[in-house]
Amino acid sequence: MREVPKQTVMAIKSYQNQAQLLVKNYLFADPFIPYTSILGGILACKVAYDLTQLISNFYSKTYPGLTKIQRVEWNNRGISTVHAIFISALSLYLVFWSNLFSDELAGLLVFRSSPLSTFGLGVSVGYFVSDLAMILWLYPSLGGIEYVIHHSLSGIAVAYSMFTGEAQLYTYMVLISEVTTPEINIRWYLDTAGMKRSTAYLINGIVIFLAWLVARVLLFGYMFYHVYLHYTQVIKMHIFGYILVFGVPAVLATMNLMWFGKIIKGVLKTLAKRQ
C-alpha cells in the first residue's frame, strides 16, 4: 500500500484546522449561535421529513396505501417526534441536572444562559417556523387554529428568550412538555394503521394520560410557583419578557387543560369498549 505523501498529509491537516477555526470562530461563536442554530433546526426538519419518508416506504405496510395528505402528515409527525426527543431531553438536563439555573450560583437566574441553552432554543425556533409553515400551507389538514396559536406563541416566546437570554429557565420548563409529543404521534400512527383496538393503542393512551398530567399540568403549576418564589427577579426583566413569562404559559396551560379533558374522555371511552 502506497504511503500518502507528507505534503498531502500536511495539506489535509491544514484544511481541517481551518475548518475547525471557521466553526469555532463563526458558526458556533456566541453572536452567531442563534442564527446558525435556527438554520440547523430548519435543515434538521428537512432531513427528518425525508428520512421518515424513506424508512416508511421500505418498512411500513400502511404508508404506501395512504393518501398524499396522509403521507405528508405521517412525515410531518416524524419531524415533531425527532424535535420532541431532542428538546425534551435537553430541557430536562438544563432544568433539573445542570447547575446553570441553580439558586446557589451568584447572579439573577432569569438572565442566565449558555451557548448550549441558546443553541437548543434556536433549534426549536427552526422547528416551530418549519412546522407552522407546513400547517399554514396545508391548513387545516395538519391542524386547526389551536395549532396555529400554539406554534405562534411558542415560537415568539422561544425566539425572544434565545435572542435576549432572558427567562431561559422558564422557557425550558415549558419545553419539557414536548415529552408528550412522541406518544401523541404514536397514537396517530396506530390509528392510521388500523390498530385502534390493539393493546398497544390502549397502553399508549394510558402513557399519554400520565405524561400529560405530569408534563403539561403539574409541571406548569410548578413553573408558576417557581415564578412566584423568584418574582423579585422576574420583575427586573424587560416588560415584553415579563408579559411572555406570564402570558404564554397561561394560554398554553389553558389549552393543555382543555386537551387533557379530551384525553381523559378518550381513555375512559377506550376502557369502556374493552369491558
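What volume does the second largest cavity have? In this predicted model, the second largest cavity comes out at about 30 Å³.

Helix α8 covers residues 199-229 and helix α10 covers residues 239-273; their axes come within 10 Å and cross at roughly 155°. Angles over 145 degrees count as roughly antiparallel, so α8 is roughly antiparallel to α10. The crossing of the two is left-handed. As for what meets in the contact of α8 with α10, there are 24 nonpolar residues, 3 polar ones and 1 charged one.

Now for the holes. The count comes to 2 cavities of 30 Å³ or more, and here they are:

| Cavity | Volume | Lining by class |
|---|---|---|
| Largest | about 260 Å³ | 14 nonpolar, 7 polar, 3 charged |

Take the largest cavity: 24 residues line it, and Ala157, Tyr170, Thr171, Val174 and Val248 are the ones nearest its centre. Two or more lining residues come from each of α5 (145-164), α6 (168-175), α8 and α10. Helix α10 gives the largest share of that lining, with 7 residues.

The second largest cavity is lined by Arg187, Tyr201, Leu202, Gly205, Gly266, Val267 and Thr270. Here the elements giving two or more residues to the lining are α8 and α10.

Methods: Residues are numbered from 1 along each chain as its sequence is written. This is a predicted model: local features need pLDDT of at least 70, side-chain atom pairs count only at pLDDT 80 or more; totals for chains, interfaces and linings use all residues. Side-chain values use heavy atoms; hydrogens and water are left out. Axes are lines fitted to C-alpha atoms, for helices over the stretch in contact, and angles run from 0 to 180 degrees between N-to-C directions. Helices (H or I, at least four residues) and strands (E, at least two) are DSSP runs, numbered from the N terminus. Angles under 35 degrees count as roughly parallel, over 145 as roughly antiparallel, 65 to 115 as roughly perpendicular and the rest as oblique. A crossing is left-handed if the near helix is turned anticlockwise from the far one by less than a right angle, and right-handed if clockwise. Ala, Val, Leu, Ile, Met, Phe, Trp, Tyr, Cys and Pro count as nonpolar, Asp, Glu, Lys and Arg as charged, and the others, Gly among them, as polar. On a 1 Å grid over the protein atoms alone, a cavity is a set of points where a 1.4 Å probe fits but cannot get out, and a pocket is an open set with protein on both sides within 12 Å along at least five of seven lines; lining residues have an atom within 4 Å of a point. Grid points are joined across faces, edges and corners, and a volume is the space filled by probe spheres set on the points.
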